[in-house]
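Dear colleague,

I am handing over the structure we spoke about, with the sequence and coordinates below. My notes on what was found in it follow directly after.

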Amino acid sequence: MLLWLVILFPLLGAALNGLLLRKVSKTVSHIVGASALIASFACALTAYMQMMSAGGEGQVIFGFDWLEAGGFKAPFQFILDRLSGMMMLIITGIGSLIHIYAGGYMHEEKATWRFFSYLNLFVFMMLLLVLGDNLLIMFIGWEGVGLCSYLLIGYWYEDDANAAAGMKAFLVNRIGDIGFLIGVFLCFKFFGTVSFSELKDIIINGNALTGPQLEAVSWITLALFIGACGKSAQLPLYVWLPDAMAGPTPVSALIHAATMVTAGIYMMTRLNFLYFLAPDTQMIVASVGAATALFAATIAIVQNDIKKVLAYSTVSQLGYMVLACGVGAYAGGVFHLFTHACFKALLFLGAGSVIVAMHHKQDMQEMGGLRKYMPITHAVMLVGVLAIIGFPGLAGFFSKDEILWKAWIGGGPVIWGMGAMAAVCTAFYMTRLLMLTFYGPNRSDHHTREHLHETSAVMWAPLVVLAILSAVVGYLNVPHVIPGLPHLLFEHYLSPIIHVPAAAAEHWPHLTATYSHSLELGLMGISVLGMFLSAGFAIVLYKNGPSPTAIKLKKSFSGIHKVLTNKYYVDEFYFKYIVDPLKDMSLFLWKIVDTVIIDGIVNGIGQAFMLVAGLTSFRMSGSLHRHAMVVMLGIFCLLTILLF
Amino acid sequence: MDFFNSHVLTLTTFLPLLTAVAIMFTPNLAISRWVAMGGSAVTFLFSLHVWYYFDAQTPGLQFVEEYSWIPSFGIKYIMGVDGLNLLLFILTTFLTPLILLSVWHIEGSKQKAFLSLFMFLECGMLGSLVAFDMVFFYIFWEAMLIPMYFMIGIWGGKNRIDATTKFIIYTVVGSLFMLAAAIVLYLLHYQKTGTYSTNILDLYTTAPLYETQLWLFGAFALAFAIKVPLFPFHTWLPDAHTEAPTAGSVILAGVLLKLGTYGLLRFAIPLFPEAVATYAPIIVSLGVIGIIYGALTAWMQKDAKKLVAYSSVSHLGFVVIGSFALVAGGNQISVEALTGAVYQMINHGISTGALFFLVGIIYERRHTRMLADFGGLAKVMPWFAFMLIIATLSSVGLPGTGGFVGEFLILLGTFQSSPIAGITASLGVLLGAVYMLHLCRKILFGPLDKKENQELQDLSPREFAYLTPLAILAVLMGIYPNLFLDKIRPSVEHLAQNYKQYRLVAAEQPAKDIENVASSEQSAESAGE
Amino acid sequence: MPTSESYLILATIMFGCGVFGVLFRKNLILVMMSIELMLNAVNLVFVSATQTLGNVDGQVMVFFVITVAACEAAVGLAMVIALYRKYGTIDTDFLRVLRG
């Protein structure tokens, strides 16, 4: 029952704001929107506590029969277990903070009912996604969050670029969604069900899978992974996420950093027993994750738009999570999801505060020295940056190093190397962001500088909460090698969710094997060292704004710099080789096939008749008597033939 | 009451005709509007009666009325509903009052004739849905064309004459093939059984030779494929839609096209099952081509109405492939796909109907439908934007709207039947989003830079009144599909699993709550015979 | 009492007159009257057949034909009037719209 309330509060908030409260003041919209989320969070917390105090066993809550046809059944049914419970708390908890913050951020808007309505609807859809007990309920949420993302990216729709960015996000996601759908079709074809619990029963407790089924598992997991690539912004479908920054910043924080984009990781973790069975797919997953992590990190190095840096950073961090899933370290992936949700929401909201203070300017080249004007924002951003670059003791350190360690033992040195390189890049670009924004001289114009000031409490209070979280949550999953602290609490917490099927155990020796602590410590040392060096380099280059050395470096590597600034020309490539040919094709089909060929044939038939008629019609004199005479003659002939 | 229950289909079908006649004798337009609205509302209530008392447990034919008309030729008057036509029947009666509401404000000396023709059209559509006699079906089928011809030809746009002529000739050519095939079937049935019958339930038992079936199926399928319209017989549709007045477009997309797919399910498949397996790959291929082709063509359209028209080609392609998704070695149709096909027919009627209404609304305000003339309307017409987005979402098959349920089931079933077709058709889902979001973006978003657009009025209460039911239904169909699926399930499963030897009989009990009435009625009838 | 042959001969003559009228009169009214004449010739055959065969079907058909003829005359005359209004003449030599 509580679970229903968790879901219904955001829906109610969305409906109230969207349908009824269109004329009220924005304060009311804000209060309705935020309190819906807080109420939802309270219910979620209670439901979660109840579940955990009952032993943490998964509960299935049946709603109603939703979709049934032939052998296909997808009841509207929820599952509340350790995984979905945790996700539910992240969504409603961080969601609440962001909703509170949004009231301050959207203060200058005329009417915010639309914004809060979409935002609440998003939370509703996201909850459906994580709580659904079958692939189809998950898919409602899956596409639903895509819709809300589309609406929110295009929130300032009067600028055509925003509308275009929203559309791009929706369409690129849809490509992934088709993969997801195909996964669902395959799943139904070979297993006859799309329910998570039934699938698990079949795989874990059922008879050995047949050959075709085993083969199908590879395809199912691959198809679903395409869906994950779309939603979690992995290569080659990541292109929508940077553009999605066109939306208001709280949206970027909630949707495009903390929650929606992690859906792919959640889905793979939910289906971990299937993915374990498909080592080939897992290899692809790990490679894509590692490649994305590195690829996006390199782009982030040269971006000047503060939100773009964070966007590529998100893509890169998502790559880590996907990489973790690929090497079978689901707990590590989900843990990074959790810590990332905290510090990336913090970073985005902090960036949002900066943007508000800068009168909606986002170019870091015009910032600098904001530390003086915005001390609280600076402090929390510092925590966030340290957390994401993996400064020892903060959240990112624990979660990222866990993934890198698993990448080494599960994926080998190459995968680890890519991950470590990405970590080095991360340290560089995040420090660069911090330096350019908060340190050095202020480079903004006079007018902007006059109005620089710290944001209101409604905006910084959530940041402080997030900063505290970013600092401490890492201790939930301390690796073995660090003495004196409870180890791997999170991994144990999640272990009832992770099932390695007996048939697949041979492919995953590293999950059970023990490794020497010195190796793990050594790798950790390397990555920490790399982080310090790279961050230090960034400090040297950017502590007083872009230093002459930085500009010289840019010049001497202008080729690489150009490629990176243009994001490897991926968008251009897609437009030139996919979108434009399709447009040409579309025009061809319309102007040539439809109008000329098909209508030509149709009209041709008509004209053929006209032609024949034209050839014969000269016999028609138009004289009534002539016609009547012919008729009579005809009758006479017929009668003659018939009678004689 | 017993009279009502046993004649409800006849009453529902002919009440619009009666209304059409009554409208001719009304003294002025104001009264004729109310007469039309009253007639169509009562028709809708009658059809709700059918819905309510429809027994969802049996695949049999219900509310059957059977009278002999020309015994020497075996021509009867038979009407009935089962799961295949029930929803379409209700959809027709549901859309008619809404459409009448949408033309409520139109003045002019010819408007009375319009209302009358429209009611006549409703009679034709309802009749061809519930008629179970080949001759009656054919009469209703052709009778629908007459009002449609005039509606496009008199109230249409600039090229209305060309469009309406094209529409009529296309459709009639197909129908004539069907007529010829029906006569052949009729004679074959006579050869086999020694009795003349045009009763479709009897004709189901004919089972002609395989070679004959190939020809007959081809003729029937051609007639219905033109109506659907299936690629490459679709070129009449964009023209007809663009030239037709809004009301005509809505009913054309909402119901008339569905009669094509309904005809495939009711006639072509069960009458000539052996030919189905042979033709299925061709038809599915054409359907898939239609999905992709319609979507791509829609994308580049500059005229909003034409865009929606081409989207129909794409959406109906889904229905067609769902109807021909053979499984179990060709001995069965996939139940999932067939359910989806029947569901998608209704859903397309709702969402595309709404889209045509919405395009009509901005056309009335601006007298243009060119996408380039709009932009940023979300600012001045927020409720219009709301409705357009709901219709769009249903059209692109977003989960939570009816479109998803239909498309998902169709694709699921098609995938079981042929993975290649399933995957290719899935691309249609993507392309569907491409052109619909393109439409939304061009109309709703972007800068509000045209002067004419800055003064536009948002939806009037009357416009709300006819859009809201559609919006609610579009969402309801996605959230609680069982409300509808439960009614059609037995019939669909019966057809899907037994299409090779399809038999349809009148259900024993017409309905659950009227058993006493019905049984006394039955005994009276048998005594009469 | 004339024989049935004489009825038939009379009917044939009437019919022939009708055909002749339709074919060679130029006034549309007269053409229509000729058509009536042909119909009445047929009626005569029906009546005589009734008498010969002792079956009333023929007389039934006569009533049927008379009814239809009346309708035809009404519609036909209306069209003639319409033609006159439109073209100012009912001379068939001038009505040649159907010329190919």
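In chain A, residue A:Gln59 stands opposite A:Leu80, which belongs to strand S2. Please bear in mind from the outset that this is a predicted model, and that the predictor gives the complex an ipTM of 0.90 together with a pTM of 0.89.

To stay with that pair of strands for a moment, strand S1 (residues 59-69) of chain A runs antiparallel to S2(A), and 8 bridges join the two. The hairpin they form has 2 residues between the strands, and there A:Gly70 takes a positive phi near 55°. Strand S2 (residues 72-80) of chain A is largely enclosed by the rest of the structure, because 7 of its 9 residues are buried.

As for chain A overall, its secondary structure comes to 27 helices and 2 strands, and its C-alpha trace spans about 125 × 70 × 55 Å along the principal axes. Of the 644 residues in chain A, 55% count as buried, and among the contacts in this chain with a separation of 6 or more, 81% are accounted for by residues 24 or more positions apart. The domain assignment of chain A gives domain 1 (329-559) and domain 2 (572-643), and the C-alpha centres of these two domains lie 72 Å apart.

Chain C contributes 11 residues that are in contact with 12 residues of chain A, and the chain C side divides into 7 nonpolar, 2 polar and 2 charged. Chains B and C, by contrast, do not touch, their nearest C-alpha atoms being 19 Å apart.

Within chain B, helix H3 (residues 83-102) and helix H20 (residues 482-498) have axes that come within 7 Å and cross at roughly 145°. On the H3(B) side the contact is made by B:Gly83, B:Leu84, B:Leu86 and B:Leu87, while the residues of H20(B) include B:Phe484, B:Ile488 and B:Leu495. By class, this contact has 8 nonpolar, 2 polar and 2 charged residues.

Finally, some backbone details may deserve a look, given that most residues other than glycine have a negative phi and most peptide bonds are trans. A cis peptide bond with omega of about -5° joins A:Leu235 and A:Pro236, and A:Pro236 lies in the loop between helix H8 (211-231) and helix H9 (240-243) of chain A. In chain B, a cis peptide bond joins B:Val228 and B:Pro229, with omega about -5°, and B:Pro229 lies in the loop between helix H9 (210-227) and helix H10 (236-243). B:Ala328 has a positive phi of about 55° although it is not a glycine; its place is in the loop between strand S3 (326-327) and strand S4 (332-333) of chain B, and it counts as exposed because it has 12 C-beta neighbours inside 10 Å.

With best regards

Methods:
Residues are numbered from 1 along each chain as its sequence is written. Chains are lettered from A and ligands numbered from 1 in the order in which they are written. This is a predicted model: local features need pLDDT of at least 70, side-chain atom pairs count only at pLDDT 80 or more; totals for chains, interfaces and linings use all residues. Two residues are in contact if their C-beta atoms, placed from the backbone, lie within 7 Å. Ala, Val, Leu, Ile, Met, Phe, Trp, Tyr, Cys and Pro count as nonpolar, Asp, Glu, Lys and Arg as charged, and the others, Gly among them, as polar. Domain bounds come from an automatic or database domain assignment. A residue is buried if 20 or more other C-beta atoms lie within 10 Å of its own, exposed if 12 or fewer, and partly exposed in between; C-beta atoms are placed from the backbone. Helices (H or I, at least four residues) and strands (E, at least two) are DSSP runs, numbered from the N terminus. Two strands pair if DSSP finds at least two bridges between them. Axes are lines fitted to C-alpha atoms, for helices over the stretch in contact, and angles run from 0 to 180 degrees between N-to-C directions.
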